[in-house]
Amino acid sequence: MPDARPLALTTRDRGIYDQELRDWLPKRIFDAHVHVFPRDSFPGNHVFPPKNVYRRFGCQHTAEYCRAAAHLLLPDCDFGMLSFGSPDLVVDRARAAAYTGDISDNVRDFGMTLVAPEDSPEDLERRIRTHGLIGYKPYRNYVTGKPAEDVSIPDMLPAPQMELANDLGLAVMLHIPRSDRLADPENQREMVDICQRYPKVQIIFAHIGRAYYLQNVIGQLDGIREFPNAYVDVAMVNHEGVLEYTFRNYPRERILFGSDAPIAWMRGKSVEINNQYAYLMGEDYRIGTVIYDAESAVEFTFFYYEMLRGIRRAAERAGLTRAELEAFFYANAHSLLTSVAKGLA
Ligand SMILES: [Zn+2]
């Protein structure tokens with residue numbers, strides 16, 4: 001298990017929590033975007049690439065590790081989560097679903113199954129019901145046979161899967177494809193279409209549609225905002241401008257707190273650069289577009305804390321009430337998933 005080690009707080013981390021977060025952060029936190037998976041959801045002989053982020057956590061991210069990390073970073077908070085496995089091609093989706101079901105009680109914690117286009121609706125319904133799951137987590141990588149940048153939303157979620165989701169009233173955590181992300185006109189059309197065509201599916205557009213820089217979000221939430229089944233989560237968004245824009249221009253009761261842990265347990269910060277973004281990394285792992293601070297020019301804190309900071313500033317500027325802030329961190333997601341689970345019971 002290369003590199004696996006528990007998280008630890010530095011003096012500076014403690015200072016952030018004590019001075020910037022403790023008194024402001026609500027006491028109940030529901031993290032709606034967490035990847036939790038055991039080592040054995042990957043094949044035994046699978047070799048994780050040298051800088052793969054999961055190596056940092058021993059090539060797994062167990063519920064125990066996740067809860068301990070949440071307790072370390074948010075010591076005064078009651079923590080619950082929506083989790084799913086790691087959407088890698090080699091992962092055993094049935095095994096991942098079983099694990100997710102084991103760690104979810106549909107009271108504090110909820111879970112989704114990973115979904116590939118070839119998974120039959122019968123298989124998916126069995127996975128959902130057997131393991132008490134509340135929805136799907138598709139991913140672009142599962143679409144094979146075309147270039148990654150040509151993958152569409154219907155490629156990721158074929159009609160028979162969406163019809164089942166609509167019949168069962170499931171939630172879907174959707175990481176939209178294409179390099180222009182939220183600002184891609186085809187994505188925009190397909191996002192509206194999926195919300196309209198499947199009104200009983202609760203669709204969560206992850207990472208605010210992957211809009212990690214301001215130009216990508218401006219004007220681009222208008223298409224989905226009218227659909228009551230369209231949600232966004234803020235996972236890995238620490239950009240104050242993007243967050244403020246979202247709080248000002250999207251129905252607040254449909255904005256969900258999420259982190260993308262275990263990535264968010266790493267030290268780093270996402271920064272906008274010339275209408276693009278990169279992850280400045282304080283640890284030498286690869287998570288997409290990375291600029292690693294090999295010389296330790298600065299002392300980083302967790303992405304998780306940078307997100308909370310960004311959310312705080314954005315919420316203050318956009319004028320969120322205390323009740324809206326508490327709902328963002330807890331009830332918006334928790335009530336949604338509770339009602340999905342009740343519909344399935
Ligand atoms: Zn994720």
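Mentor: Two residues are in contact if their C-beta atoms, placed from the backbone, lie within 7 Å. This is a predicted model: local features need pLDDT of at least 70, side-chain atom pairs count only at pLDDT 80 or more, and totals for chains, interfaces and linings use all residues. Residues are numbered from 1 along each chain as its sequence is written.

Trainee: Which residues in H12 does H1 meet?

Mentor: Helices (DSSP runs of H or I, at least four residues) and strands (E, at least two) are numbered from the N terminus. H1 covers residues 11-21 and H12 residues 303-318. On the H1 side are Asp-13, Ile-16, Glu-20 and Leu-21; their partners in H12 are Tyr-305, Leu-308, Arg-309 and Arg-312.

Trainee: Are H1 and H12 roughly parallel or roughly antiparallel to each other?

Mentor: Their axes (lines fitted to C-alpha atoms over the stretch in contact, with angles from 0 to 180 degrees between N-to-C directions) are 11 Å apart, at an angle of about 20°. Under 35 degrees counts as roughly parallel, over 145 as roughly antiparallel, 65 to 115 as roughly perpendicular and the rest as oblique. H1 and H12 are therefore roughly parallel.

Trainee: Is Lys-51 buried, exposed or partly exposed?

Mentor: Lys-51 sits in the loop between strand S1 (28-35) and helix H2 (63-73). A residue is buried with 20 or more other C-beta atoms (placed from the backbone) within 10 Å of its own, exposed with 12 or fewer, and partly exposed in between. Lys-51 has 15, so it is partly exposed.

Trainee: Which residues are in contact with Lys-51, beyond four places in sequence?

Mentor: The C-alpha atom of Lys-51 is 9.8 Å from that of Glu-283, 232 residues apart along the chain. Its contacts are Asp-284, Tyr-285 and Arg-286.
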